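Have the picture open while you read.

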Amino acid sequence: METRTTRLNGRSGWRDTAAHYALLPLRVFLGVTFLYAALDKLTDSGFMKATGAGSIGETMRAARGTAALPALIDLALKSPVGFGYAIALGELAVGIATLLGLLGRLAALGGALISLSLWLTMSWATTPYYYGNDLAYLMAWLPLVLAGAPYLSLDAAWRVRGRQRSLGYI
């Protein structure tokens, strides 16, 4: 017979606590990384240009020949600066939302889609495949897509508030 109690009735062992918070380091890492990536793009004066060394346009043109989906790059090349801002603002939104635990599953899905698009375009030709980071980021986002941000998050605070409201505490 199991004599340990769980979080449900007030006590938990260190293993239960560790399992409960297991996704928190991943959430923090991905949130900080996407926030940093966004700010790096937005503050690099050479990146947000259609042409020139280190520009978004030149980077996309260089990757086009080896991309799994060159049509995605062709679409982005219609307005490389606009695409660069879209990616940077998407990364910014995903990073902030992930760190705050705001709409956790949706933020993680956004991160996964950004990572998927970068893997299929920019890092597809990396060999061996495990040297490319975009596939690893895609896989890292998937547990957060499934779990969301169930604790230490705005989502959790809203759930608690909703339960309190439904029970008449608020």
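The largest pocket has 24 residues in its lining, and nearest its centre lie Lys 41, Ile 87, Glu 91, Leu 118 and Met 122. This is a predicted model, where local features need pLDDT of at least 70 and side-chain atom pairs count only at pLDDT 80 or more, while totals for chains, interfaces and linings use all residues. Residues are numbered from 1 along each chain as its sequence is written, and side-chain values use heavy atoms, with hydrogens and water left out.

**The largest pocket**

- Its volume comes to about 550 Å³, where a volume is the space filled by probe spheres set on grid points joined across faces, edges and corners.
- On a 1 Å grid over the protein atoms alone, a pocket is an open set of points with protein on both sides within 12 Å along at least five of seven lines; a cavity is a set where a 1.4 Å probe fits but cannot get out, and lining residues have an atom within 4 Å of a point.
- Two or more lining residues of the largest pocket come from each of helix 2, helix 3 (56–64), helix 4 (70–77), helix 5 (80–100), helix 6 (104–121) and helix 7.
- Helices here are DSSP runs (H or I, at least four residues), numbered from the N terminus.
- Helix 6 supplies the largest share of the pocket lining, with five residues.
- Sorted by class, the pocket lining has 15 nonpolar, six polar and three charged residues. (Ala, Val, Leu, Ile, Met, Phe, Trp, Tyr, Cys and Pro count as nonpolar, Asp, Glu, Lys and Arg as charged, and the others, Gly among them, as polar.)

**The largest cavity**

- How many cavities of 30 Å³ or more does a search of the whole structure find? There is one, and the largest cavity has a volume of about 40 Å³.
- Its lining includes Arg 27, Ala 97, Thr 98, Leu 144 and Gly 148.
- Helix 5 and helix 6 are the elements that give two or more residues to the lining of the largest cavity, and helix 6 gives the most, with three residues.
- The cavity lining counts six nonpolar, four polar and one charged residues.

**How the helices pack**

- Two packed helices are described by the angle between their axes and the distance between the axes. Axes are lines fitted to C-alpha atoms, for helices over the stretch in contact, and angles run from 0 to 180 degrees between N-to-C directions.
- Helix 2 (residues 24–43) packs against helix 7 (residues 133–147) at an angle of about 130 degrees, with the axes 10 Å apart. That's why helix 2 and helix 7 are oblique to each other. (Under 35 degrees is roughly parallel, over 145 roughly antiparallel, 65 to 115 roughly perpendicular and the rest oblique.)
- The contact of helix 2 with helix 7 has nine nonpolar, one polar and one charged residues.
- Helix 3 and helix 4 cross at roughly 155 degrees, and their axes come within 10 Å, so the two are roughly antiparallel.
- In that pair, the contacts include Met 60 and Arg 64 from helix 3, and Ile 73 and Asp 74 from helix 4. The contact of helix 3 with helix 4 has six nonpolar, one polar and three charged residues.
- Helix 5 and helix 6 pack at about 140 degrees with axes 9 Å apart, and are therefore oblique.

- Most residues other than glycine have a negative phi, and most peptide bonds are trans.
- Leu 103 has a positive phi of about 50 degrees although it isn't a glycine; look for Leu 103 in the loop between helix 5 and helix 6.
- The peptide bond from Thr 127 to Pro 128 is cis, with omega near -10 degrees, and Pro 128 sits in the loop between helix 6 and helix 7.

Notes: Contact means heavy atoms within 4.5 Å.
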